[in-house]
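Q: I have a model open and would like to go through it piece by piece. Can you take my questions as they come?

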Amino acid sequence: MNTATIVQKLWNYCNVLRDDGMSYGDYVEQLTYLLFLKMADERSRPPYNQKSPVLEGYDWPSLMSRDGDELFDHYRHVLTMLGYERGLLGLIFAKAQNKFQDPAKLRRLIVDLIDKESWVSMSADVKGDAYEGLLEKNAQDTKSGAGQYFTPRPLIQAIVDAMAPKPGETISDPACGTGGFLLAAHDYVVKHHPHQTRDERRKLKEETFKGWELVQATARLCAMNMLLHGIGSQDFEPVVVGDSLAADPGDRFDVILTNPPFGKKSSTTIVGEEGKVSKERDSIERGDFWTTTSNKQLNFVQHVKTLLKQNGRAALVLPDNVLFEGGAGETIRRKLLQECDVHTLLRLPTGLFYAQGVKANVLFFDKKPASETPWTKKLWIYDLRTNKHFTLKTNPLQRGDLDEFVRCYNPENRHQRTATWSDENPEGRWRAYDYADLINRDKASLDIFWLKDESLADSDKLPAPEVIAREIVEDLEAALEQFRLIAEDLPPETASPPDGRADTPPDAPDGDRQAARAGTIR
């Protein structure tokens with residue numbers, strides 16, 4: 001059975017369960033528990049004959065032998081008991097709950113859909129891609145919010161192709177979501193190095209990859225996703241559940257690939273004795289960081305720098321504000337340009353992510369040893385945003401849309417690159433800026449564009465009305481997010497004058513005064 005057939009078969013049954021009020025996310029989670037138990041049972045039988053990590057009496061046969069309310073009660077008990085276990089088993093089943101409402105539908109999923117397939121003998125590509133397909137469908141359900149954990153796979157593939165990880169290199173994602181970057185790196189190594197020794201294959205499976213994920217339910221999906229692709233074992237947990245920014249874990253990696261969560265600055269809600277609610281900003285203070293800030297994305301840039309080995313390589317998906325924000329943002333950019341080789345910036349188009357209002361980029365840099373002279377010599381920028389229009393449904397990003405970028409990046413030798421932009425070819429999307437040009441820009445801003453917007457010069461080249469409407473919405477969403485950040489920076493005791501307008505001092509930045517004129521920021 002091919003990938004598409006399996007995904008469709010499993011997904012069709014999800015639509016049946018939707019009538020019982022089960023969400024897409026709940027369904028994928030229940031599927032994860034049952035698939036793990038079925039695969040553990042298959043591995044305990046010939047020709048594998050491996051010792052099952054699952055306690056006898058709480059395994060797949062114990063589910064198959066029951067029906068009706070007895071099955072329902074036993075399934076709930078199984079989830080609870082296995083959640084107490086250690087290792088990968090505990091990671092998969094921690095805080096697991098039964099979300100089924102009808103014992104008959106649970107029985108049908110177990111007997112008719114999962115038990116009829118031999119999952120272990122199925123190739124990792126097929127079962128892994130099938131699970132990835134379900135995760136993507138779950139991400140498309142905007143109500144669930146799962147899209148924030150899902151980076152478009154064509155973008156991931158292009159980033160991994162540019163980074164070209166090699167056997168023996170350790171690879172990490174400190175905000176791994178459902179594991180897209182780690183799996184793509186695994187697939188790249190397997191495809192481009194097919195003749196690895198048995199020991200190299202074992203190291204690839206059990207010693208190469210490590211991810212961190214803050215949300216337990218997402219970490220569960222990531223661990224299962226990786227297990228289906230052949231990564232991890234009962235004794236090796238490839239995912240750590242926790243806040244990766246909280247402290248330096250001490251681990252160092254050759255390659256880091258990550259798309260940290262976009263969104264608000266860190267804060268903690270505090271309820272006072274009289275019920276008054278206030279928020280305290282969570283500024284992370286770490287000795288290995290260049291500066292203290294509550295901006296999560298800026299903290300992830302500093303964190304990734306720490307996690308890299310000397311001469312280690314990183315690729316981070318970051319929102320626009322990381323490129324131009326003043327204060328801590330400027331400090332971090334100047335330090336990064338000085339102490340690391342910041343060599344490539346990919347400006348991404350809108351319409352790629354399930355979260356609205358995201359304007360993003362991919363920043364590539366290498367960590368270097370201490371030096372009196374700046375390590376960054378040239379920053380090469382590829383503009384995939386200007387005059388590009390993508391949508392999630394009607395015109396989604398394809399891997400082929402990034403072919404020119406990967407060719408320009410030149411993974412074989414990134415020190416030998418040729419610009420496509422010139423005075424003779426002003427529409428070229430690939431050009432370089434020297435360190436001196438970058439450091440002398442206002443706030444050392446890396447928010448650089450040079451292509452002309454065709455729609456401004458020629459109304460015939462305007463995109464379709466629905467694309468224009470969506471881009472307006474995304475621009476407004478991005479602007480609102482900036483206003484929220486400004487609002488969060490205001491002290492909590494700040495009060496508005498009686499006329500309802502924000503009391504902004506005359507020497508405040510233009511952006512703050514414009515926001516204030518629009519009314520009180522909430």
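This is a predicted model: local features need pLDDT of at least 70, side-chain atom pairs count only at pLDDT 80 or more; totals for chains, interfaces and linings use all residues.

Q: Let's start with a helix. Which residues of α8 are buried?
A: The buried residues in α8 are R153, P154, L155, I156, A158, I159, V160, A162 and M163.

Q: How many of the α8 residues is that, out of how many?
A: Nine of the 11 residues in α8, which spans 153-163, are buried. The helix is mostly covered.

Q: Which residues have a positive phi although they are not glycine?
A: N311 is one of them, with a phi of about 70°, and K443 is another, at about 60°.

Q: Where are N311 and K443?
A: N311 is in strand β7, residues 308-319. K443 is in the loop that runs between α16 (435-439) and α17 (454-457).

Q: And how accessible are N311 and K443?
A: N311 has a relative accessibility of 45%, so N311 counts as partly exposed. K443 is at 36%, so K443 is partly exposed as well.

Q: Back up to the whole protein. How many helices and strands are there?
A: The protein has 19 helices and 11 strands.

Q: What share of the residues is buried?
A: Buried residues account for 50% of the 522 residues.

Q: And what about contact range: what percentage of contacts join residues at least 24 apart?
A: Taking contacts between residues at least 6 apart in sequence, 74% join residues at least 24 apart.

Q: How many disulfides are there?
A: Zero, from a search of the whole structure.

Q: What about C340 and C408, buried or exposed?
A: C340 is buried, at a relative accessible area of 1%. C408 is at 10% relative accessibility, which is under the 20% cut-off, so C408 counts as buried.

Q: Helix packing next. At what angle do α2 and α6 pack?
A: About 55°, with the axes of α2 (24-43) and α6 (103-114) 11 Å apart. The two helices are therefore oblique to each other.

Q: What is the handedness of that crossing of α2 and α6?
A: α2 passes α6 in a right-handed crossing.

Q: Which residues meet there, α2 against α6?
A: From α2 there are Y27, L31, L34, L35 and K38, and from α6 there are L106, L109, I110 and I114. By type, the residues of this contact between α2 and α6 are eight nonpolar, no polar and one charged.

Q: Now α2 against α7. What are the angle and the axis separation?
A: α2 and α7 (124-140) pack at about 160°, and their axes are 9 Å apart. They are therefore roughly antiparallel, since the angle is over 145 degrees.

Q: Is the α2 and α7 crossing left-handed or right-handed?
A: The crossing of α2 and α7 is left-handed. On the α2 side the contact is made by Y24, G25, V28, L31, T32, L35 and M39, and on the α7 side by K127, Y131, L134, L135 and N138. The contact of α2 with α7 divides into eight nonpolar, three polar and one charged residue.

Q: Moving into α3, is S62 buried or exposed?
A: S62 sits in helix α3. Its relative accessibility is 7%, so S62 counts as buried.

Q: What does S62 touch, not counting residues up to four places away in sequence?
A: S62 touches G57 and H74 on that count. S62 and V78 are 16 residues apart in sequence, and their C-alpha atoms are 9.3 Å apart.

Q: Last one: where is G83, and what is it in contact with?
A: G83 is in the loop between α4 (68-82) and α5 (87-93). Leaving aside neighbours within four places in sequence, G83 is in contact with G90, F93 and A94. G83 has a relative accessibility of 23%, so G83 counts as partly exposed.

Definitions and conventions:
Residues are numbered from 1 along each chain as its sequence is written. Side-chain values use heavy atoms; hydrogens and water are left out. Axes are lines fitted to C-alpha atoms, for helices over the stretch in contact, and angles run from 0 to 180 degrees between N-to-C directions. Helices (H or I, at least four residues) and strands (E, at least two) are DSSP runs, numbered from the N terminus. Angles under 35 degrees count as roughly parallel, over 145 as roughly antiparallel, 65 to 115 as roughly perpendicular and the rest as oblique. A crossing is left-handed if the near helix is turned anticlockwise from the far one by less than a right angle, and right-handed if clockwise. Contact means heavy atoms within 4.5 Å. Ala, Val, Leu, Ile, Met, Phe, Trp, Tyr, Cys and Pro count as nonpolar, Asp, Glu, Lys and Arg as charged, and the others, Gly among them, as polar. A disulfide is a pair of cysteine sulfur atoms within 2.5 Å. Buried means under 20% relative accessible area, exposed over 50%, partly exposed in between (1.4 Å probe, protein chains only).
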